[in-house]
Structures are given as C-alpha cells and as structure tokens.
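Please find below a colleague's note on the fold and packing of this chain.

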Amino acid sequence: MSSTEQSVLDAFYMARALELARKGVYSTHPNPRVGCVIVRDGQIVGEGWHVRAGEPHAEVHALRQAGEQAKGATAYVTLEPCSHHGRTPPCADALVNAGVARVVAAMQDPNPDVAGRGLLRLMNAGIAVQSGVLENEARAINKGFLKRMEHGLPYVRVKLAMSLDGRTAMASGESKWITGPEARSAVQRLRAQSSAVLTGADTLLADDARLTVRPDELGLDAELTALAVTRAPLRVLIDGRLRVPLDAPFFKAGNVLVVTCAAASARERYQEQGHELLALPSSGGHVDLRKLMLELAARGVNELLVEAGPKLAGAFTQLGLVDEFQLFVAGKFMGSSARPLLELPLAQMSEALELKIIEMRAVGNDWRVIAVPALDPGV
Ligand SMILES: NC(=O)c1ccc[n+]([C@@H]2O[C@H](COP(=O)([O-])OP(=O)(O)OC[C@H]3O[C@@H](n4cnc5c(N)ncnc54)[C@H](OP(=O)(O)O)[C@@H]3O)[C@@H](O)[C@H]2O)c1
C-alpha cells in the first residue's frame, strides 16, 4: 500500500473514532471525550468510547470487543493512550498486552500525567506509532479539557439571546422569551455538555431562572438523553453581596456553588441547605472573575457556560475571559429603551472587539451565531 493510500485509510478510521468520541459529549466530564477503533486486515474488529469518568477508557472497550483479533491490528485513538494509573490502569499497557502492531493517535494528551509518555511506552514496546491524524477535529471535541490542561482555565462560552436590534431584556428586566423553543432546546444541549453553568444575582432576581437541564427539552435521542441526565452540571451563582434569597427557585435543585466577596461567615447558612459558599477576594467591588476561573479549572471544570445579562457578560468580555459567544438572534425589535447585549463602555471604533464568526445557522425561527474573539483572549 502506498503512503497516500495509508493516509486516506488512517483518516477514514480516525473519522469513525471521532464519531464514537462525540457520543461522550454529555457524560465524560471531567475527562476528555475519546473514541477508539481497532482494525485488522481492513476490517473494524473493535470499537469503543469513553462513557464516564471512573469507567473504562475507549481503548479498553475496543480491545474487549476485538478480543484475540487485536493481535497485529492497528488501533486508532482520538487522544494519546494514557500511561498512568488513574481510576483505571494505563491504556498504553493494555494495547501492548493485546499485541497491537500499530497505534495511530489524533493528538498527544496535554495532561501532564501523560504528555507523550503514553506514545513513548508504546514505541518502547516495539509498536509503530503515529500522531497528528485529524488533530484539528480531535481538538474541537475537547476544547474545554484542552484549555484546562494547557492554560489552567475553563473554556468559556457566553450565551445570550437577543433581538435583531441587539437587545437582551426590556428596561424592566423582563426577558422571557426572546427566542423560540428550538433555540431554547439548543441552549439546553449547551448546558448539558458544560461542566458548569454560571449566572449572576441580578439575572436570578429578574428571571427566577433555575438553569437546570430539562431532559424533555434536550431534543436528543433516548440514549444521549439518558447519558445527559446522569450528570447535572455544577450551577455557579455570582452573588457578591448575597442578595439572592435561599428560597429562590435556583436553589431548589442541588449542585450549587455560590461565589461571593461578602463575609465567609454566611457559609454555614448555605451549607445547612446543602449549597457551597465560596468567598473570593473582590476586584473593583465585585467577585474577582479571573480568580474564579482558576478556581473552577482547579475543580475540573472544562467547559463553562455563562448565562448572564449585559453587566456580567460584559465583565467577562472586558477581561478577555471569553473563548466563544453563542448568540441566539430573534426576528424582533425590542426597542431603544431595552437593555443592550453587553455593557462594554467603548468610545472609539479602534476599541471595537473584533470577532470571527465561525457559524451562523437558522434554529427554528431564530438565528444562531457562533463567534470567537479574533485575537486570542489573553491566555
Ligand atoms: N437575553 C439573555 O440571554 C439574558 C440572559 C441572562 C439575563 N438576561 C437579563 O439580563 C438582566 C440582568 O443582567 P445583569 O448583567 O445586570 O445581571 P447579572 O447577569 O446577574 O450580572 C450581575 C451580577 O454580576 C456581577 N458583576 C457585575 N459586574 C461584575 C464584574 N465586573 N465582575 C464580577 N462580577 C460582576 C454582579 O455582582 P454583585 O453581586 O457584586 O452585584 C451581579 O451579581 C435581566 O433583566 C435578565 O433578564 C438576559
């Protein structure tokens, strides 16, 4: 076989491994989404994907399915096989023991516990190793895990629903509903795939929002819905002065972290209700958002969804903490007294934040615009 034919086949099987990895989008937190395909004599003899943390990795599922047929086979993995004993034994050892002849990885694992050691282990055992096949696609499915491993920060998505004239709430604070059910369903899926969802005190006081994942609104098939609901994202509330009462609907479901710069002495009151209160230093009279991002990453948050109003979303933007904007645009005008998209006091055109629009598509009667800062957000 020529090297070109081999590259085409490698990309073909890696594409299948990536398809498998994507099945873990709602469930693998805090682990990465990983898929594996084992091929012998042009036949797929084993397939697997990582379902959730603490359970077998993709390679183990695929090797189990392949059984004896793994001997002399090629294993395609979307992330370098692990080399360390975590909650499960090293996958590099499993591949060696199974007698695999060649391993093709989409990318190296930036996790400092692995970082090339998995591939080295395979090479030392005489296995032919290649890395970098469909790497961009592999990076795209683990943006949060990679940002946390490479920069010690979560991948931050800011979601906002707005009118065609760029407004996010009426002057009274009323904002339900700007977009239609299909857009709200897309937001449900964004929530479900996130490690954590974050909002601010004023949004809760205005909207009584819960920010939970509602299975019937996900619009997913039964298998993915079941996976999505086995793990509820952490819900983070920024409440600098502890204004949101503990009987607010947001507190009805568990898994809440309240972040404040008020006295930590209130901690017990929150703990009694089963919620955690985290006191952080203030910056400009509010919670220090940079410190909070470091803290969330340290807690294993890969993808953070910010569902806040113009002030808080504006603060994230101004600090360069946003990796991606998810804007849902409704075909309506809300008028000039309604609130803007972001509070971002800029005076000159030269200060405008340049964005690169990476996707724009219709969602029901609304439009979904995905945009990223044109310049790296300071990591
Ligand atoms: N259209 C949409 O997609 C959408 C989404 C959410 C909300 N909304 C609407 O937006 C309105 C509320 O928006 P909002 O932004 O005023 O409320 P918000 O989202 O609750 O943001 C205010 C919160 O952020 C904190 N904050 C403000 N500036 C900060 C900074 N520089 N650093 C750190 N924390 C900071 C405040 O801190 P303190 O606690 O210290 O005051 C407060 O807790 C409501 O009308 C709601 O309906 C619309």
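1. Helices H3 and H4 cross in the right-handed sense. In this predicted model, helix H3 spans residues 91–98 and helix H4 residues 117–124. Their axes lie 9 Å apart, and the packing angle is about 20 degrees. Because angles under 35 degrees count as roughly parallel, H3 is described as roughly parallel to H4.

2. The residues that form this contact can be listed. On the H3 side they are Ala92, Asp93, Leu95 and Val96, and these meet Gly118, Arg121 and Leu122 of H4. Sorted by class, the contact of H3 with H4 contains four nonpolar residues, one polar residue and two charged residues.

3. Helix H3 also packs against helix H2, which covers residues 58–66. Here too the angle is about 20 degrees and the axes are 9 Å apart, so H2 and H3 are roughly parallel to each other. The crossing of H2 with H3 is left-handed, whereas that of H3 with H4 is right-handed. Glu59, Val60 and Leu63 of H2 make the contact with Cys91, Ala94, Leu95 and Ala98 of H3. By class, the contact of H2 with H3 comprises six nonpolar residues, no polar residue and one charged residue. Leu95 is listed both in the contact with H2 and in the contact with H4.

4. Which strands make up the five-stranded sheet, and in what order? The sheet is open, with mixed pairing, and its order is E2-E1-E3-E4-E5. Strands E2 (43–49) and E5 (128–131) form the edges; each has a single partner strand, so one side of each has no neighbour in the sheet. From one strand to the next, the twist averages 15 degrees.

5. Within this sheet, strand E3 (residues 74–77) and strand E4 (residues 102–105) run parallel and are joined by four bridges. Tyr76 has Val104 of E4 opposite it. Helix H1, residues 3–22, lies across strands E1 (35–40), E2, E3, E4 and E5, and runs at about 140 degrees to E1.

6. A further open sheet has nine strands, again with mixed pairing, in the order E11-E10-E9-E8-E14-E6-E15-E18-E17. Its edge strands are E11 and E17 (355–363), each of which pairs on one side only. The average twist between one strand and the next is 20 degrees. Helix H12 lies across strand E6 (155–163) and strands E8, E9, E14 and E15, and its direction makes an angle of about 115 degrees with E8.

7. Is strand E8 (residues 196–200) mostly covered or mostly uncovered? E8 is mostly covered, with five of its five residues buried. This applies to both faces: Ala196, Leu198 and Gly200 are buried on one side, and Val197 and Thr199 on the other.

8. E8 pairs in the parallel sense with two strands of that sheet, as described for E9 and E14. Five bridges join E8 to strand E9 (residues 234–238), and three bridges connect E8 with strand E14 (residues 303–306). Ala196 stands opposite Leu234 in E9 and opposite Leu304 in E14. Thr199 has Leu237 as its bridge partner in E9.

9. His275 occupies the loop between helix H10 (267–272) and strand E11 (276–279). Is His275 buried or exposed? Its relative accessibility is 6%, so His275 counts as buried. With neighbours within four places in sequence left aside, the contacts of His275 are Leu246, Phe251, Ala253, Val256 and Tyr270.

10. Leu319 is likewise placed in a loop, between helix H12 (310–318) and strand E15 (324–330). Its relative accessible area of 32% makes Leu319 partly exposed. Apart from neighbours within four places in sequence, Leu319 is in contact with Leu289 and Arg290. Leu319 and Ala222 are 97 residues apart along the chain, and their C-alpha atoms are separated by 40 Å.

Technical notes:
Residues numbered from 1 in each chain as written. Predicted model: local features only at pLDDT ≥ 70, side-chain atom pairs only at ≥ 80, totals over all residues. Heavy atoms only, no water. Pairing = 2+ DSSP bridges. Axes fitted to C-alpha atoms, helices over the stretch in contact; angles between N-to-C directions. Contact = heavy atoms within 4.5 Å. Parallel < 35°, antiparallel > 145°, perpendicular 65-115°, else oblique. Left-handed = near helix turned anticlockwise from the far one by under 90°. Nonpolar A, V, L, I, M, F, W, Y, C, P; charged D, E, K, R; others polar. Buried < 20%, exposed > 50% of the residue type's maximum accessible area, 1.4 Å probe, protein only.
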